Amino acid sequence: MTERLPIGTEHCTVERDGAVVIVTMNRPAARNALSSAMLVGLASAWEYISATPEVRVGILTGADGQFCAGADLKAMGTPPTDPEVRERMKRIPDFHWKGLLRDGRPTKPLIAAIEGYAVAGGTELLVGTDLRVVAEGATLGLYEAKRGLFPMGGCAIRLPRQIGYANAMDLLLTARSVTPAEALAMGLVNQVVPDGTALAAARALADQVAACGPLAVQAILRTYRETEHLPEEEALKVSDELGWPVIGSADAKEGSLAFKEKRPPVFRGE
């Protein structure tokens, strides 16, 4: 049963359905452009996903067939109307960078479910996620350079690492729109699906992730993030440090036993 969580804001709803948290950017009249209230909600959602053991995966999407059209500078300079949300702005250091997935990304996998526009800050959010499902009619792109701006969400660093130098410079320096088919060919996204089905496809993917051992999933994610640019010898030391406790866990024993007994495993994160 889906539960609406109180950590959302007027521009960002947060719902939980079992092991999956669905975060929805909710400013449809502005194509879900980023506001302070939205970024506070996003930052709060990432905190909740990381801190809640029963949560195994998150999904980020946008309301009314749009993902996110980037930053709304005017709205980002306007304090939220809710006093509790304004208090959260003070409590969460750098809430705007955390909300944008530049800093403090969740310790659990995050899946982007994209319909419509996902440009500028919308594409930067995509690059901060771990798995990406995009509708075939969506529009992607980093428009900052053609507006004389800079992609402050980290794409100038992350994008070359994720899709290679030539592809990244194509997107960053031309500031052109990119089709989902191009994004798939570049390795920027995982799946292209029919319009209107991105969230359903992301949920199916989330259920697959949630069915895996949470200790294993989180250790794999952490290993990649902590070793991305280490030499292999040093990276393997980190991998061993994080991997051996997983191998010796109760979940690992349950996985082997379930395979032997020909049944689905019941992982407890222990």
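## Strands β3 and β4

V20 has V57 of β4 as its bridge partner. Strands β3 and β4 run parallel and are joined by 6 bridges; two strands count as paired if DSSP finds at least two bridges between them. Helices (H or I, at least four residues) and strands (E, at least two) are DSSP runs, numbered from the N terminus.

This is a predicted model, in which local features need pLDDT of at least 70 and side-chain atom pairs count only at pLDDT 80 or more, while totals for chains, interfaces and linings use all residues. Residues are numbered from 1 along each chain as its sequence is written, and side-chain values use heavy atoms, with hydrogens and water left out.

In β4, 6 of the 6 residues are buried, so the strand is largely enclosed by the rest of the structure. Buried denotes under 20% relative accessible area, exposed over 50%, and partly exposed in between (1.4 Å probe, protein chains only). Both faces of β4 are covered: V57, I59 and T61 are buried on one side, and G58, L60 and G62 on the other.

## The sheet

An open sheet is formed by 7 strands in the order β1-β2-β3-β4-β5-β7-β9, with mixed pairing. Its edges are β1 (2-4) and β9 (191-193); each has a single partner strand, so one side of each is left without a neighbour in the sheet. From one strand to the next, the twist averages 20°. Axes are lines fitted to C-alpha atoms, for helices over the stretch in contact, and angles run from 0 to 180 degrees between N-to-C directions.

Strand β1 pairs with β2 (residues 12-17) in the antiparallel sense over 3 bridges. Within this part of the sheet, E3 has R16 of β2 as its bridge partner.

## Helices on the sheet

Helix α1 (residues 36-51) lies across β2, β3 (20-25), β4 (57-62) and β5 (110-114), and runs at about 170° to β3. Helix α9 also packs on the sheet, where it touches β2, β3, β4, β5, β7 (131-135) and β9. The direction of α9 makes about 170° with that of β4. Contact here means heavy atoms within 4.5 Å.

## Helix α10

Helix α10 (residues 214-227) has 14 residues, which should span 20 Å at 1.5 Å a residue; its end C-alpha atoms are 20 Å apart, in agreement. The expected span is 1.5 Å times one less than the number of residues.

The buried residues of α10 are P214, V217, A219, L221, T223 and T227, and they pack against α9 (198-210), α11 (232-247) and α12 (250-261). T227 has a relative accessible area of 12%. Leaving aside neighbours within four places in sequence, T227 is in contact with A235 and V238.

## Positive phi angles

Most residues other than glycine have a negative phi. D64, which is not a glycine, has a positive phi of about 55°; it is placed in the loop between β4 and α2 (73-76). D64 is exposed, with a relative accessible area of 66%.

A120, likewise not a glycine, has a positive phi of about 50°. A120 is found in the loop between β6 (117-119) and α5 (121-127) and is buried, at 7% relative accessibility.

## Charges over rings

The charged end of R102 sits over the ring of W97, 4.0 Å from its centre. K146 lies over the face of Y143, at 4.0 Å from the ring centre. A charge sits over a ring if NZ of Lys or CZ of Arg is within 6 Å of the ring centre and within 35 degrees of the ring normal.
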